Amino acid sequence: MTEIIGNDSAQTLLLVAVFALASLLHGISGLGVTLVTTTALASMYPLPYAIVLTIFPSLLLNAMTWLAGGGRTIWQNFIYYGRRYWLLALTSLLGSILGAKLLLWVDSAYILLVLAAVIGFYVISSLLGKQIRLPDTKPVLIAVGFSAGVIGGSTNAMSTILMMYLLSASDDKNTVAKVGNMCYFLGKIAQIIVLREPIMALSSGEWQIIVLLSVLSIVALLVGIRLRRYLPQARFRQLILVILTVLGIRVGWQGIAAILS
C-alpha cells in the first residue's frame with residue numbers, strides 16, 4: 001500500500017476535523033464514531049486504506065468503553081463480560097477475520113455497495129425508531145456474531161448487525177455498550193492480524209498522523225461525554241443520521257461508478 005496522505009497538510013487537517021467531529025458527536029450521543037470516520041474516509045481514499053487509518057483510534061475508544069467504568073475495575077470488566085459473552089466474542093472475531101480478508105480478496109467497489117446498504121439500513125431503522133430484536137438463542141447468537149464480524153471486518157459497520165442481538169439479550173444499556181465494544185475491539189484485532197502487511201507498510205509520517213488522530217479522538221470523546229448532560233442528545237443523533245445519509249449516498253455512488261467503469 002503506497003503512501004497516500006504524504007505531507008499534504010490540507011488532507012491532514014481534513015482527517016483531524018473528521019475524527020474530532022465524529023468522536024465529539026459520539027461522546028454526546030453515544031454513537032457514530034467508527035461508522036462516520038470510515039464512511040468519510042472511504043469517500044476520500046481506497047477502502048482498505050480508510051480501514052487501516054481507523055483501526056487504532058477505534059481500538060483505543062472500544063477498549064476504553066469496554067474496560068473502563070461500570071463500577072468494576074478494568075480486570076473485573078474483562079473477566080465479567082468475557083466469561084458471559086465469550087461465544088459472541090469468538091464468533092464475531094472469526095467473522096471479522098473473514099471480513100478483513102474480503103478487503104484483500106474482493107473488489108472494493110462491491111464492499112462500498114455493502115457499506116452503503118448497511119448505512120441505509122441503519123439510518124432507516126433509526127428514523128423509524130424501531131429496533132429489530134432477535135431471539136436470544138445460541139444458534140441466533142452464533143449466526144449474528146459471525147455475520148456481524150464479517151460486516152465489521154470488511155466495512156467497520158459491525159454495530160448495525162450486532163445491536164439487533166444485544167438489545168434482545170439484555171435490557172441493561174451498560175451491558176449492551178460494553179459487550180458491543182468488546183466485540184468491536186476484537187474485530188480491530190482481527191483487522192490488524194489480516195492487514196498486518198499494509199499496516200507495516202505505512203510510512204513514519206502516516207504513523208504520526210494515526211497517533212495524532214488516536215489522541216485527538218480520545219480527547220474529543222471525553223469532551224463530548226462531559227457535554228452530554230448539557231446538550232440535547234436527540235439533536236446530535238439526528239445530525240449523525242444526516243451526515244451518514246450524505247456519506248452513504250456518496251460511497252454508494254462511488255461503488256456503482258467503479259463497477260460500471
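## Helix packing and buried residues in a predicted model

Serine 214 has its place in helix α11 (residues 204–227); helices here are DSSP runs of H or I with at least four residues, numbered from the N terminus. This is a predicted model, in which local features need pLDDT of at least 70 and side-chain atom pairs count only at pLDDT 80 or more, while totals for chains, interfaces and linings use all residues. Residues are numbered from 1 along each chain as its sequence is written, and side-chain values use heavy atoms, with hydrogens and water left out.

Serine 214 counts as buried at 6% relative accessibility, where buried means under 20% relative accessible area, exposed over 50% and partly exposed in between, for a 1.4 Å probe and protein chains only. Not counting residues up to four places away in sequence, serine 214 touches Phe56, Pro57 and Leu60; contact means heavy atoms within 4.5 Å.

| Residue | Helix | Relative accessible area |
|---|---|---|
| Serine 125 | α6 (residues 108–128) | 18% |
| Threonine 175 | α9 (residues 173–194) | 10% |
| Alanine 100 | α5 (residues 86–105) | 0% |

A polar atom of the serine 125 side chain lies 2.9 Å from the backbone oxygen of phenylalanine 121.

The side chains of threonine 175 and aspartate 172 are joined by a polar contact of 2.8 Å. A polar contact is a pair of N or O atoms within 3.5 Å; within protein, one must be able to donate a hydrogen and the other to accept it, and residues adjacent in sequence count only if both atoms are side-chain atoms. Neighbours within four places in sequence aside, threonine 175 is in contact with Tyr81, Tyr85, Ser170 and Gly180.

Between alanine 100 and glycine 187 the C-alpha distance is 8.9 Å, at a sequence separation of 87 residues.

Helix α1 (residues 9–29) has 21 residues and spans 30 Å from first C-alpha to last, close to the expected 30 Å; the expected span is 1.5 Å times one less than the number of residues. Buried residues of α1 include Thr12, Leu25, Gly27, Ile28 and Ser29. The buried residues of α1 pack against α2 (33–42), α3 (47–67), α11 and α12 (233–260). Just after α1, glycine 30 takes a positive phi of about 85 degrees.

The axes of α1 and α2 are 8 Å apart, and the helices pack at an angle of about 155 degrees. Helix α1 is therefore roughly antiparallel to α2. Axes are lines fitted to C-alpha atoms, for helices over the stretch in contact, and angles run from 0 to 180 degrees between N-to-C directions. Angles under 35 degrees count as roughly parallel, over 145 as roughly antiparallel, 65 to 115 as roughly perpendicular and the rest as oblique. The crossing of α1 and α2 is right-handed, meaning that the near helix is turned clockwise from the far one by less than a right angle, with anticlockwise giving left-handed. Leu15, Val18, Phe19, Ala22, Ser23 and His26 of α1 make the contact with Val33, Val36, Thr37, Ala40 and Leu41 of α2.

Helices α2 and α6 cross at roughly 140 degrees, and their axes come within 12 Å. This makes α2 oblique to α6. Their crossing is left-handed. The contact is formed by Leu35, Thr39 and Ala42 of α2 and Leu112, Leu115, Ile119 and Tyr122 of α6.

Terms used. Helices (H or I, at least four residues) and strands (E, at least two) are DSSP runs, numbered from the N terminus.
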